[in-house]
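Visitor: I have a model open and some questions about it. Can we go through it piece by piece?

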Amino acid sequence: MKVVQVHRSHKENDRSQKFIFEEQVDGVSSACPMSNLSSSRTAPDCSIWLIVSSGVVALAIAMGVGRFSFTPLMPLMMRDGTLSATAGAEWAAANYGGYFVGALTASWFSENPRRGLLLSLVGVALTTLATAAASAVPGVFAGALLRAAAGVFSAWALVCASGWCLAELSKRQALQSGAWIYTGVGLGIALAGMLAWLGGRQQADWLWLELGLFAGAGALLVWAQSAGPSTVAVRVEEREATAIAPSSRGGQLPLVLCYGTFGFGYIVPATFLPAMARELAPDPLVFGLTWPLFGLAAALSVAAVARWLPAWPRKRIWALAQGIMALGTALPLAVQALWAMAASAVLVGGTFMVATMAGLQLAREARPDNPTPLLARMTAAFAAGQIAGPLVVRAIGPGPRAGWDALGWTGAAATLLLALTALWLWRDAEPSFKSLRQA
């Protein structure tokens, strides 16, 4: 309550002195000018809309195309004979490794996340277009290299989009609107999945080309829209928040570890779900539905949280999402049926972006002065968890063991870890949840 009183007193001083700070980004003035003090304290709706829509499109490209498009296209490439199962695993591993490298290096753009965002989107478009021709190159090196580069660009885009969009919305006193940008990931996944589903009887190379053209058009749109929101009044409270932001990394370590566990937990269904469904129904118009369901569930769940739970503690939302995800990873272990795959797609797809959104918003709360380095560390932990998933599958090896194969045992481990971290997040959020209700 002391912090609340400090903020209130500063708000009163701000009103009495009528003093504002202006921050110029990239030397471009706002597309929605503010004529007086009252308009500067409440950001124009058009500016907020431009930021949110830019974030939605950016994440749809970076994650839906650059990060996850390989999942629905891999079984189609195997059908076409342009990719073997072993080469597909190598491509996927290269993407995970690239994502890890991108997360480690995303802090390069902490001074100018918008520039990093635009660079990464162009990179996603170019690597996707080049993948259309990768099957013509002998061996798997070219394709694996392109998937690794796409992973780097995807990590940069996620970190930079979160850093730029959330900071701009915070300056406009509209930080709660930041939840909406994460619907872009689900929309991008759904778009890639629908394209692979409806066009599943095309050659996979044509689908890569179509996705690359979409990514290029989206990058141009983000560049045009993000050029407008640039000059805005910065609240005194945000400057003061830097003084009370945690300076020790020790309090941030549990967040990083939980985020890494989340990466390990979701990776098996996120990578192999369409391929697992293909074993039960070889028609692409049937097994291809799992990925659009995954993406639509991701988009709708984030929209629901943004609409109806904007004031809930982020740790509570993250814990709830991670607990439901544990159910989604456990379901295919218990039931080998197409409906179970579809339900798993909804449960995992409907929670993985909610967990992502809550985790990255917590990073923003922990370091309001400069969240990009913490965002990068959390994303790196997530990428490390993703890499650990396939490594565990390989370490267990082929053949059933006590009734489960390597995917089954990895899924069981993921379920247990997701449940444990969900419990910790829920219990750790109790003090802040009680204080919120009392306030």
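Visitor: Which helix is T261 found in?
Guide: T261 sits in helix α11, residues 253–280. Keep in mind that this is a predicted model.

Visitor: Is T261 buried or exposed?
Guide: T261 counts as buried, because its relative accessibility is 16% and the cut-off for buried is under 20%.

Visitor: What is T261 in contact with, leaving aside its neighbours within four places in sequence?
Guide: With that exclusion, T261 is in contact with L417, L418 and T421.

Visitor: L418 and T421 are in which helix, and what do they meet there?
Guide: Both belong to α17, and both are among the residues of α17 that meet α14. On the α14 side the list is K315, R316, W318, A319, Q322, G323, M325, A326, T329, A330 and L333.

Visitor: Is their crossing left-handed or right-handed?
Guide: The crossing of α14 and α17 is left-handed.

Visitor: Switching to α4 and α5. How do their axes cross?
Guide: Helix α4 (residues 70–80) and helix α5 (residues 85–105) cross at roughly 160°, with axes that come within 10 Å. They are therefore roughly antiparallel to each other. The crossing of α4 and α5 is right-handed.

Visitor: Which residues make the contact of α4 with α5?
Guide: From α4 it is F70, M74, M77 and M78, and from α5 it is A85, G88, W91 and A92. By class there are seven nonpolar residues, one polar and no charged ones.

Visitor: What about α8, how does its span compare with what it should be?
Guide: Helix α8 covers residues 183–198, which is 16 residues. At 1.5 Å a residue the helix should span 22 Å, and the end C-alpha atoms are 22 Å apart, so the two agree.

Visitor: Which residues of α8 are buried?
Guide: T183, G184, V185, G186, G188, I189, A190, A192, G193 and A196.

Visitor: Last topic, the whole chain. What is the secondary structure, and how much is buried?
Guide: The chain has 18 helices and two strands. Of its 439 residues, 55% are buried.

Visitor: What share of the contacts join residues at least 24 apart?
Guide: Among contacts between residues at least 6 apart in sequence, that share is 84%.

Conventions. Residues are numbered from 1 along each chain as its sequence is written. This is a predicted model: local features need pLDDT of at least 70, side-chain atom pairs count only at pLDDT 80 or more; totals for chains, interfaces and linings use all residues. Side-chain values use heavy atoms; hydrogens and water are left out. A crossing is left-handed if the near helix is turned anticlockwise from the far one by less than a right angle, and right-handed if clockwise. Helices (H or I, at least four residues) and strands (E, at least two) are DSSP runs, numbered from the N terminus. Contact means heavy atoms within 4.5 Å. The expected span of a helix is 1.5 Å times one less than its number of residues. Buried means under 20% relative accessible area, exposed over 50%, partly exposed in between (1.4 Å probe, protein chains only). Axes are lines fitted to C-alpha atoms, for helices over the stretch in contact, and angles run from 0 to 180 degrees between N-to-C directions. Angles under 35 degrees count as roughly parallel, over 145 as roughly antiparallel, 65 to 115 as roughly perpendicular and the rest as oblique. Ala, Val, Leu, Ile, Met, Phe, Trp, Tyr, Cys and Pro count as nonpolar, Asp, Glu, Lys and Arg as charged, and the others, Gly among them, as polar.
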